[in-house]
Amino acid sequence: CRVRHYKFNVVTRNFTRLCSTKPIVTVNGRFPGPTLYAREGDTVLVKVVNHVQYNVTIHWHGIRQLRTGWADGPAYITQCPIQPGQSYVYNFTITGQRGTLLWHAHILWLRATLHGAIVILPKRGVPYPFPKPHKEVVVILGEWWKSDVEAVINEALGSGLAPNVSDAHTINGHPGPVPGCSSQDGFQLQVDPGKTYMLRLINAALNEELFFKIAGHQLTVVEVDAVYTKPFKTDTVLIAPGQTTNVLLTAGRSSGKYLVAASPFMDTPVVAVDNMTATATLHYSGSLATSATTLTNPPPQNATPVATNFMDSLRSLNSKQYPAKVPQTVDHSLLFSVGLGVNPCSTCPNGSRVVADINNVSFVMPTTALLQAHFFNISGVFTDDFPANPPIAYNYTGTQPANLQTINGTKVYRLRYNDTVQVVLQDTGMIAPENHPIHLHGFNFFAVGRGLGNYNPKKDPAKFNLVDPIERNTIGVPSGGWTAIRFRADNPGVWFMHCHLEVHTTWGLKMAFVVDNGKGTNQSLLPPPSDLPKC
Ligand code: C2O
């Protein structure tokens, strides 16, 4: 195992997309940012130097951070931000993980442009559990706003309404040809006939769950969120913000060009505008075709069955070498309602503002990092009364009772080291049912069950998959339905859980678990590094 050193200079640089130029916040002047390479077992040191006017933090999304919660990155949860002109060294070791993850800013909406891939190769000499691909390619999906992204969210917070949607989606930073603006093909994926490629797909978009397709080609899913899966073939990949998916692409005995497309998954059909689909090109080397073969079956818009089918196909590999260690019993059985609501707002033009909550608690960001408050016993920063259930039971996918208020609070749920936890994430239909990709920091979890309507604690557990459910760090809660996850609290620290649609996080759809130190074990949180930023 090695120690790998990286330097991330956070700098502003001008980029031109959709015929307009704006300054964006980047790492080392690149968009998407640089790929961080490591092997399982390596220690990674990333010195982040902040040269911009914003406070910055970086999160290593999906990295377990065993005993190194100080390096996790969410602002005011595990650290105070790195202020302009300051720096911080993120220091962590990659244990028991291999595959693709992503890093991204974890403050304000900076992750719109401040993100990149994490590629974790298996230990030297350890093969993949599938044939070695000829080449590996990182494919990052994103979103682009013509205007300044911080201005977009600030305006929405002032009005109490939803922010403007993005102007385009991107594949490796490019939207592809845009009518009336550019005829550039965007990202080009060059392949040799007969060879197999591994695409490391990452959804770095702020607010959109995406479908990914390549005309005329099937994809074999082999890994999600840095966990191997049972391989399966599909022509469409569904990928939520924060999720990663490795697929094998076998180039046929073919020639010419094929369209590669990423387009949003929406349950409720919206007016389809041209810029919804980002495109790239798969190009067979040596061939001269000038325009790409388009998709016979364009990426679906109102496509719940396609999404459901994809999710149903995901299983952990669960081999001897990579067993699925699903908790068979649970110490904490939690029911979390997740959704949107409306609160009164005297300064908003409509007199109300959209909020989002878990169990009717809309999370308020503290001004001291929760991990510091926990470690140094600083009182008054959070309370540990996060509710295990919604305040009252009702038909969650129907109408919310009028007497149910959303409260504001900085509440955490406390776990003892090694407790097993089941969380049923129940979508609510208060404003509109929505698909919420929920991300848990510090752990992988197993997605043991899923259904539509209200979770039934008497009937549904009998149908749980406790053998080979998919293991991951971000899971979509179906619109108007529920998802059940299980994990073992074997990582002491403070761990954020939130919707990975940035707009929902901003509105308060977030909470944190506190996991106490393992008494009588060596599993305790290490003390903070000396350069940990101060608030
Ligand atoms: Cu990828 Cu808390 O985020």
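A: The secondary structure of the protein comprises four helices and 32 strands, where helices (H or I, at least four residues) and strands (E, at least two) are DSSP runs numbered from the N terminus. The radius of gyration is 22 Å, close to the 24 Å that the globule rule gives for 535 residues, so the protein is as compact as a globular protein of that length; the radius is taken over C-alpha atoms, and the rule is 2.2 Å times the number of residues to the power 0.38. This is a predicted model, in which local features need pLDDT of at least 70 and side-chain atom pairs count only at pLDDT 80 or more, while totals for chains, interfaces and linings use all residues. Residues are numbered from 1 along each chain as its sequence is written.

The C-alpha trace spans about 65 × 55 × 55 Å along its principal axes. Of the 535 residues, 49% count as buried (20 or more other C-beta atoms within 10 Å of the residue's own, with C-beta atoms placed from the backbone; exposed means 12 or fewer, and partly exposed lies in between).

An automatic or database domain assignment divides the protein into domain 1 (3-121), domain 2 (135-313) and domain 3 (332-515). The UniProt record, an unreviewed entry, annotates "domain: Plastocyanin-like" over residues 11-123, 136-287 and 385-518; its positions are given in the numbering used here, feature names are shortened, and annotations may be inferred rather than shown by experiment. Residues 11-123 are 0% helix and 46% strand, and the C-alpha atoms at the ends of this span lie 33 Å apart.

Strand 3 (residues 36-39) runs parallel to strand 8 and is joined to it by four bridges; two strands pair if DSSP finds at least two bridges between them. Within this pairing, Leu-36 has Ile-118 of strand 8 as its bridge partner. Strand 7 (residues 99-105) pairs with strand 8 in the antiparallel sense, over six bridges. There, His-104 is bridged to His-115 of strand 8.
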